[in-house]
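Please look through the structure shown here before reading on. The report that follows takes up several of its features, one heading at a time.

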Amino acid sequence: MPAAARGPECIVPAKPGGGMDLTCKLARKGLSAVYEATRVDPALHINYLPGGIGAVAWNSILTQRRADADTLIVFSGGSLLNLAQGKYGNASAADVRWVAGLGTDYGMIAVRSDSPYKTLADLLDALRRHPGRISIGAGGTIGSQDWLKVSIIARQARINPRKLRFVAFEGGGESITALLAGHVEAVSGDASEAALYAANGGIRVLAVMSHQRLPGVLAGVPTAREQGFDVTWPIVRGFYMGPGVPDSEYRKWVNAFDKMMAEPGFDALRAAHGLYPFALTGDALTAYVRKTVDEYGRQAKELGLSR
């Protein structure tokens with residue numbers, strides 16, 4: 001059934017559950033609060049379209065729904081990384097219309113609470129001495145976000161990332177489970193996931209990859225920058241649309257998200273969905289995305305990952 005026949009559609013380029021699914025649900029709740037002011041239907045029908053790390057959904061929009069004004073597609077920082085690495089073919093950030101970024105997560109590195117590594121420096125010293133002995137859990141294989149986060153820091157610490165021993169998992173939850181079970185000695189993952197386990201005292205977060213310290217459970221964790229490594233890793237979540245969507249319809253959605261994120265209760269709603277503050281829409285988001293894709297492309301080239 002076409003999206004217009006049952007209201008707007010929110011496409012999740014992944015399986016149910018996880019951050020992308022939550023992004024659609026956050027938008028659905030947030031838009032409900034501003035319906036009277038925007039007249040944008042908040043009853044987003046969620047459709048799951050996994051495959052190719054977002055490539056299937058991307059290609060579907062460009063080939064079948066280029067001008068569909070009632071279809072939003074979720075993107076994340078991982079989507080932008082894959083775009084930069086050529087995993088969407090010859091696609092570029094200019095191929096779609098970027099609508100809104102609703103929030104962000106951040107990268108982090110953690111060990112078990114009983115680990116001998118008390119600081120990021122401790123872990124890096126051990127990796128410098130024995131890079132192949134310490135197992136690091138990561139969501140995805142070489143070239144993934146989790147692999148890159150550690151590799152960039154390792155490179156700045158004069159450690160060859162190719163000598164590190166990564167163990168690939170399906171996602172952050174699996175990595176942390178493996179850490180707690182003693183199957184890996186460290187993990188590269190996301191702050192929102194780490195906060196859940198740090199609150200229970202199960203893990204010790206050594207660094208967060210944000211511009212400044214994060215609120216809440218991880219408030220006492222120093223940033224990578226504080227510890228001498230010029231690395232930040234925001235994991236933005238938001239929406240894009242097909243390139244042929246009329247400007248009036250595109251601006252309607254941009255305006256709706258602007259109003260939604262300006263609502264007094266939105267910060268709490270966003271936090272409840274596991275995200276930290278980030279709010280860009282329209283032209284400002286488009287500029288951010290293009291700059292980010294360029295930066296990811298540069299980093300991938302430096303690490304020998306470009307296609």
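## The second largest pocket

In this predicted model, helix 11 gives the largest share of the lining of the second largest pocket, namely 8 residues. Helix 11 spans residues 282–302, and each of strand 4 (97–112), helix 6, strand 9 (234–241) and helix 11 contributes at least two residues to that lining. The volume of the second largest pocket is about 640 Å³. The pocket is lined by 23 residues, and those closest to its centre are Thr232, Trp233, Pro234, Glu295 and Gln299.

## The nonpolar cores

The largest nonpolar core contains 52 residues, and within it Trp58 and Trp98 have the most contacts. Helix 6 supplies the largest share of this core, with 6 residues. Another core lies apart from it and has 29 residues, including Cys10, Val40, Ile46 and Val99.

Which residues does tryptophan 98 touch, if those up to four places away in sequence are not counted? Tryptophan 98 touches Trp58, Phe75, Leu80, Ala93, Phe239, Tyr240, Tyr250, Gly282, Leu285, Thr286 and Val289.

## Aromatic pairs

A pair of aromatic rings can be described by two values, the distance between the centres and the angle between the planes. The structure has 11 aromatic pairs. In one of them, the ring centres of tryptophan 58 and tyrosine 240 are 5.3 Å apart and the planes stand at 55°, so this pair counts as tilted. Because tryptophan 58 belongs to helix 3 (residues 55–64) and tyrosine 240 to strand 9, the pair ties together parts that are 182 residues apart in sequence. Tryptophan 58 counts as buried because its relative accessibility is 2%, and tyrosine 240 is likewise buried, at 4% relative accessibility. Ring pairs also link Trp58, Phe75, Tyr88, Trp98 and Tyr240 into a cluster.

A further pair joins tryptophan 147 and phenylalanine 166, whose ring centres are 5.9 Å apart and whose planes are at 45°, so this pair is tilted. Since tryptophan 147 lies in helix 6 and phenylalanine 166 in strand 6, the pair ties together parts that are 19 residues apart in sequence.

## A buried serine

Serine 175 lies in helix 7, which covers residues 172–180. With a relative accessible area of 1%, serine 175 is buried. When its neighbours within four places in sequence are left aside, serine 175 is in contact with Gly137, Ala138, Gly139, Phe169, Val184 and Val187.

## Two arginines with positive phi

Arginine 39 has a phi near 60°, which is a positive value in a residue other than glycine. Arginine 39 sits in the loop between helix 2 (35–38) and strand 2 (45–48).

For arginine 158, phi is near 65°, again a positive value in a residue other than glycine. The loop that holds arginine 158 runs between helix 6 (145–156) and strand 6 (165–169). Arginine 158 counts as exposed because its relative accessibility is 79%, and exposed residues are those over 50%.

Methods:
Residues numbered from 1 in each chain as written. Predicted model: local features only at pLDDT ≥ 70, side-chain atom pairs only at ≥ 80, totals over all residues. Heavy atoms only, no water. Helix = DSSP H or I, 4+ residues; strand = E, 2+ residues; numbered from the N terminus. Buried < 20%, exposed > 50% of the residue type's maximum accessible area, 1.4 Å probe, protein only. Core = buried A, V, L, I, M, F, W, Y, C linked by side-chain atoms within 4.5 Å. Contact = heavy atoms within 4.5 Å. 1 Å grid on protein atoms, 1.4 Å probe; cavity = no way out; pocket = protein on both sides within 12 Å on 5 of 7 lines; lining within 4 Å. Points joined across faces, edges and corners; volume = space filled by probe spheres on them. Phe/Tyr/Trp six-rings, centres within 6.5 Å; stacked < 30°, edge-to-face > 60°.
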